[in-house]
Amino acid sequence: MSNERETESTPERVVVVGAGLAAVRTAEELRRAGYEGELVLVGDETHLPYDRPPLSKEVLRGDRDDTTLRPSEFFGDNRIELMLGAAARSVDTASRILTLSDGTELGYDELVVATGLRPRRIPGLPDLAGVHVLRSLEDSRALREAIVPGARALVVGAGFIGCEVAASLRAREVEVVLVEPQPTPLASVLGAEVGALVTRLHTAEGVDVRAGVGLSEIRGDGRVTSAVLGDGSEIDVDLVVLGIGSIPATEWLEGSGVEVENGVVCDGTGRTSTPHVWAVGDVASWQVPAGGRRRIEHWTNAGEQASVLAKTIMGVEAGAAAQVPYFWSDQYDIKIQGLGAVTADDTVHVVRDDGRKFLAYYERDGRFVGAVGGGLPALVMKSRAKIAAGAPIDDLLTAAV
């Protein structure tokens, strides 16, 4: 970024907009870096900051209800003020004033944007009971309450959230149709080869996977009763779950001067185009050493970025965030794990497959750039150093034989 931070003095007040993992980790890392000033977390929900990944799994299955990240005492002990129940509405970056949806105006010395994502919606769908999205704790609880054994559910979108929801619904004895416009589940992020292995997993668990087709219409009188798919087929449903992805929650930054392009545009330390404004987590598009910028929607990335950002705010040389992203997804008894910034355009080599568990290596320009495995954690994790080094893929394939 062209903007250099104006290092006047240690900021007296840092305001973090957002109350999820990235926000909490940013507050923690600021205190760890020695920040002693005022520290405020602003969140639109009334709950204490909570973890979102369990919402599509343990919470939805009914195995867990509380996913609070830190108890209330933690925030008091660390002098972190929580302002919950009001969303950020706008920010005047010249005056350094944040305005909330309840009219509260909050001054800041440094502002950290950690507002995460919001679910995509399908335009034109009627507002019918029984249609759900899954982003918040209330969303997960509402869907859980609607589940009865033998119910018929349509899950639209077979990304990570859609696949996890489908698995959780099957655990609750719900009949599931999973539709995905791409050739396979997860094809857009992991490629069709690994997507086919994920398809096999869901099919074995009784999910009706329909790839290459989307949702055209839902029908019902007050409550959804059927859905029409893109191929013209109509299915009877009691529930519809929309899992068609998420977009960065940046609407409140309109007119602020903060550059936004598929997320808040940042340098490699979280600094935005506007002085005294930073961004972290799913909403942030950070510059990466290989060139360009990326938004990384993975749990571990939030903590890694928070550490770099906090140190930079405090004027400490922080280096770069980890260059080997890690992600995981729990589906049935299989933990799908990945290392590396893999893309659907990479060449995929499935090097191990026993009919349920699998391991795949990802190649780009002859180099080993990532590994994705299902149910084989040790084999995935041991590849980190070779991915970081960009080892020749032929060496890995020879060793795998």
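In this predicted model, I336 stands opposite G374 in strand β26.

- Strands of a sheet pair through backbone hydrogen bonds, in either a parallel or an antiparallel way.

**The three-stranded sheet**

- Another open sheet has three strands in the order β18-β20-β21, with mixed pairing.
- Its edges are β18 (264-265) and β21 (293-294). Each has a single partner strand, so one side of each is left without a neighbour in the sheet.
- Strand β20 (residues 284-287) runs antiparallel to β21, and two bridges join them.
- In this pairing, Q287 stands opposite R293 in β21.

**Salt bridges**

- The count comes to 25 salt bridges.
- One of them joins the side chains of R70 and E28, at 2.7 Å from N to O.
- R70 lies in the loop between α2 (58-61) and α3 (72-77), while E28 lies in helix α1 (residues 21-32), so the pair ties together parts that are 42 residues apart in sequence.
- R70 is partly exposed, at 26% relative accessibility. E28 is buried, at 10%.
- D65 and R141 also meet through their side chains, at 3.1 Å from N to O.
- That pair links distant parts of the chain, 76 residues apart: D65 is in the loop between α2 and α3, and R141 is in helix α4 (residues 137-146).
- D65 is partly exposed, with a relative accessible area of 35%. R141 is partly exposed too, at 28% relative accessibility.
- The side chains of R356 and D333 form another salt bridge, at 2.6 Å from N to O.
- R356 sits in the loop between β24 and β25, and D333 in the loop between β22 and β23, 23 residues apart.
- R356 is partly exposed, with a relative accessible area of 25%. D333 is exposed, with a relative accessible area of 58%.
- Salt bridges that share partners join R25, E28 and R70 into one network.

**Cysteines**

- A disulfide is a covalent bond between the sulfur atoms of two cysteines.
- A search of the whole structure finds zero disulfides.
- C163 counts as buried because its relative accessibility is 0%, under the 20% cut-off.
- C266 is buried as well, with a relative accessible area of 0%.

**T398**

- T398 lies in helix α11 (residues 393-400).
- T398 counts as exposed because its relative accessibility is 60%, over the 50% cut-off.
- A polar atom of the T398 side chain lies 2.8 Å from the backbone oxygen of D394.
- T398 and T300 are 98 residues apart in sequence. In space they are 31 Å apart, C-alpha to C-alpha.

Note on methods
Residues are numbered from 1 along each chain as its sequence is written. This is a predicted model: local features need pLDDT of at least 70, side-chain atom pairs count only at pLDDT 80 or more; totals for chains, interfaces and linings use all residues. Side-chain values use heavy atoms; hydrogens and water are left out. Two strands pair if DSSP finds at least two bridges between them. Helices (H or I, at least four residues) and strands (E, at least two) are DSSP runs, numbered from the N terminus. A disulfide is a pair of cysteine sulfur atoms within 2.5 Å. Buried means under 20% relative accessible area, exposed over 50%, partly exposed in between (1.4 Å probe, protein chains only). A polar contact is a pair of N or O atoms within 3.5 Å; within protein, one must be able to donate a hydrogen and the other to accept it, and residues adjacent in sequence count only if both atoms are side-chain atoms. A salt bridge is a side-chain nitrogen of Lys or Arg within 4 Å of a carboxyl oxygen of Asp or Glu.
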